[in-house]
Amino acid sequence: MYQAEGLTKVFPGEIRAVDGLDLKIGAGERVAFIGPSGAGKTTLFRLLNCTLKPTAGRLWVGGREVAHLHGAALRAARRRIGTIYQQHNLVPRLPVIHNVLAGRLGTWSTTRALLSLARPVEVEEAHRALQQVGIPEKLYARTDELSGGQQQRVAIARALLQDPDIILADEPVSSVDPTLAAGIVHLLTDISRATGKTLVVNLHSVDLALATFPRIIGLRDGRVLFDLAPAAVRDETLAALYRGAPATGPAEGALDAPLDPATSCRPLPRV
Amino acid sequence: MPPLTRPPVAVPFPGSRPSRFARVFALLFGLTAAASWWAARVDLPTLFSREAFRNALVFVADGFPPALSPTFLFFLIRPALETVQISLLGTAVALVIGFPLGILATASLAHAGPLHELDLSGRPVRRLLRFMPYGLSRALLSLFRSVPELVWALVFVRATGLGPFPGVLAIGVAYGGILGKVYSEIFEAVDPRPLEALQATGASRWGVFWYGMVPQAFPHLVSYTLYRWECAIRASAILGFVGAGGIGQQIEISMRMFNFGEVVTLIGLLVLMVAGTDALSLRLRRRVL
C-alpha cells in the first residue's frame, strides 16, 4: 500500500522532521509506530495522507507516486485514506452529525454537501458510526460541547463514514481513559481485520501497541530505529528508542520493565 | 546512562527580542506619526483656547432650542424611514458584492498554505491560474473601497438621478469593497487544522470552505456585517448631502436655511437610529455566538 524511499521533510528553520525514511507497508497490514515526542510521527502521517509535499525522497500510495498526484487524482487518493488526527481537528461550531458526515465530502457533490448542511442526509450511517464508537446520543450535540475523549470518537466516526482503504490514526486514544483506549484500538483493528483495510497508528501507549499490532516500527529523529514483530521488541530496544526523552513523555513507562496499562496511556498535554 | 544524543526535533525556543521587522516598523511608525503631527498642523493651544471654545459654543447654541413642532416631527418620518431603507438595502448590496469577492480574495483558499502544498507543487501554470482570480478580486475590492462612498454617490446621482437609489448603490459598492476585504481576512484567520482534516477526506475546496471555513468564521461574519450596517446609517446621512435622499438631505436643506434648531433635531434622530441598530445587532450577535 505504501512505499517510501529516502522520504524527507524539512520545515523552515532546518527542522528535519522526517529524515531519509525507507518504508514498505502492504495492503491490509496493521502497523503501529512508537517513539518519543518529536520523533516525526505526526509529520510522517501528514506525508502519508497526501497533505505535505516531501522535501526529498519518494512516496508511493497504492502504486502511484504521491508527487505526481494533482487535482482530481489527488482528491481520489486522499478519499481512500482516512486520517484520525491527534487534535481531532473537528469543526468546533458544527453539530456532531455534520462533522461525522464530513467523511463523505470526498464523494459528495458541492450541492449535496450544502443541502446536507441545511437538512442532514445519510443520518442512518452517521448514527451507526457513532454507535460503533459508543456515543450515538451525541448525534445532534454541538461538537465543542463534547469532552476531549468524545471528540476523539467523533473523529473516528468520521473516518468510519469515509470508509477508506487505509486508516491512519495519529494518537487516536490520547485523550481517553485506558480502558476506553484499548476498546477504540480494538475497534480499529477489528475493522481492519474484517474489511482488509490497512491500519497505521501512532501510539504513545507502548504496551497497547505491543499487545495489539503484529508489526511495530520505532521512530526516532525522523528515522526508523527498528521494525520488528512485537515479540522481538526487547526492553533494551525500547530503552534505546526513548533514551533522553523528556521525563513527562511515555519514556519512563517504557523503561520500567513491567508495563502497567494504567500509567502508560497518559493523555498528552494540550498544545 | 549514556549522554544525551540529539534532542528530539522541535521548533526552536522563540527569542524574546522583537524581530528586525518589528523594530524597523516601530521606528517608521514613530517617524511617520511625528511628521504627520507637523504636516497636519496640529495646534493644541488654539484648540484649547478660550476663543475656540466660545466660537464652538456659539455654533452649537444656535441649534437650541431644537425644532420639536409636531408638524416638523411628523414630516421627519419619511426621511428617517428612507435612511433605514438606504442603509439596509445598501448593506444587502454590499453583502452580495463582498461575499463572493471575499471568497476569491482568500489566499488560503486560492493558492497559498498547506491546503495547496501538494496540489500545486511543480505546476506553475496551475498556480498562476489560481492566483489570477485572487489578484483580480483583491484589486477590485481595493478599488471599491478606496473611492469614498461620497464620490460613488456623486457618480450614481449623475447616472440615476436624485433620490435614495444612488445612495443604495454608493453604499453597496463602497461597503462591498470593505466587507469583501474583511471577510477574506476572517476566512484566513480560522483554525487551519480542521480544514486540513476535511481536505484529507478528499473534500473539494468548496467542501472545505462550507464545512470548515464558514462555520468557524460565521459569528465574526455576522458581527462585522451588523457593524457595517450601523456605519451605513451614518453614511447614508452624509450621502443625503449630495442628493441621495434620507435624513442627510434634510440636514443639508436645514443647514442651507440656517435653521440650526432643525439640524439638532435631525442629528438627535440620527443618534437614536444608530443606537437602535446597535441594540438590535447586539441581540442578533448574542443569538449566533
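In the predicted model, the largest nonpolar core comprises 127 residues, and the members that touch the most others are A:Ala32, A:Val100, A:Ala157, A:Leu168, B:Ala170, B:Ile171 and B:Tyr211. The surroundings of one of these, B:Tyr211, can be given in detail. When residues up to four places away in sequence are left out of account, B:Tyr211 touches A:Val91, A:His98, A:Ala102, A:Leu105 and A:Ala113 in chain A, together with B:Leu198 and B:Ala203 in chain B.

The contact between the two chains involves 44 residues of chain A and 34 residues of chain B. On the side of chain A that touches chain B, at least two residues are supplied by each of strand 2 (15-25), helix 2 (71-79) and helix 4 (110-118) of chain A, and the greatest contribution to that side, six residues, is made by helix 2 of chain A. Sorted by class, the side of chain A that touches chain B contains 18 nonpolar, 18 polar and eight charged residues.

Within helix 2 of chain A, the residues A:Arg75, A:Arg78 and A:Arg79 are buried. These residues lie on the same side of helix 2 of chain A because the arc that they cover around the axis is only 100°. The cover over the buried residues of helix 2 of chain A includes elements of both chains, namely strand 6 (81-84) of chain A and helix 9 (192-200) of chain B.

Chain A also contains an open sheet of four strands, arranged in the order 2-1-4-5 with antiparallel pairing. Strand 1 (residues 2-11) of chain A is joined to strand 4 (residues 56-61) of chain A by five bridges in the antiparallel sense, and A:Gln3 stands opposite A:Trp60 of strand 4 of chain A. Helix 1 (residues 41-48) of chain A packs on the sheet, where it touches strand 1, strand 2 and strand 4 of chain A, and the direction of helix 1 makes about 60° with that of strand 2 of chain A.

The antiparallel pairing of strand 1 with strand 2 of chain A extends over seven bridges, and A:Ala4 has A:Leu23, in strand 2 of chain A, as its bridge partner. Three residues lie between the strands in the hairpin formed by strand 1 and strand 2 of chain A, in which A:Gly13 adopts a positive phi near 95°.

How values were computed
Residues are numbered from 1 along each chain as its sequence is written. Chains are lettered from A and ligands numbered from 1 in the order in which they are written. This is a predicted model: local features need pLDDT of at least 70, side-chain atom pairs count only at pLDDT 80 or more; totals for chains, interfaces and linings use all residues. Two residues are in contact if their C-beta atoms, placed from the backbone, lie within 7 Å. Ala, Val, Leu, Ile, Met, Phe, Trp, Tyr, Cys and Pro count as nonpolar, Asp, Glu, Lys and Arg as charged, and the others, Gly among them, as polar. A nonpolar core is a set of buried Ala, Val, Leu, Ile, Met, Phe, Trp, Tyr and Cys residues joined through C-beta atoms within 7 Å. A residue is buried if 20 or more other C-beta atoms lie within 10 Å of its own, exposed if 12 or fewer, and partly exposed in between; C-beta atoms are placed from the backbone. Two strands pair if DSSP finds at least two bridges between them. Axes are lines fitted to C-alpha atoms, for helices over the stretch in contact, and angles run from 0 to 180 degrees between N-to-C directions. The arc is that of the directions from the helix axis to the C-beta atoms.
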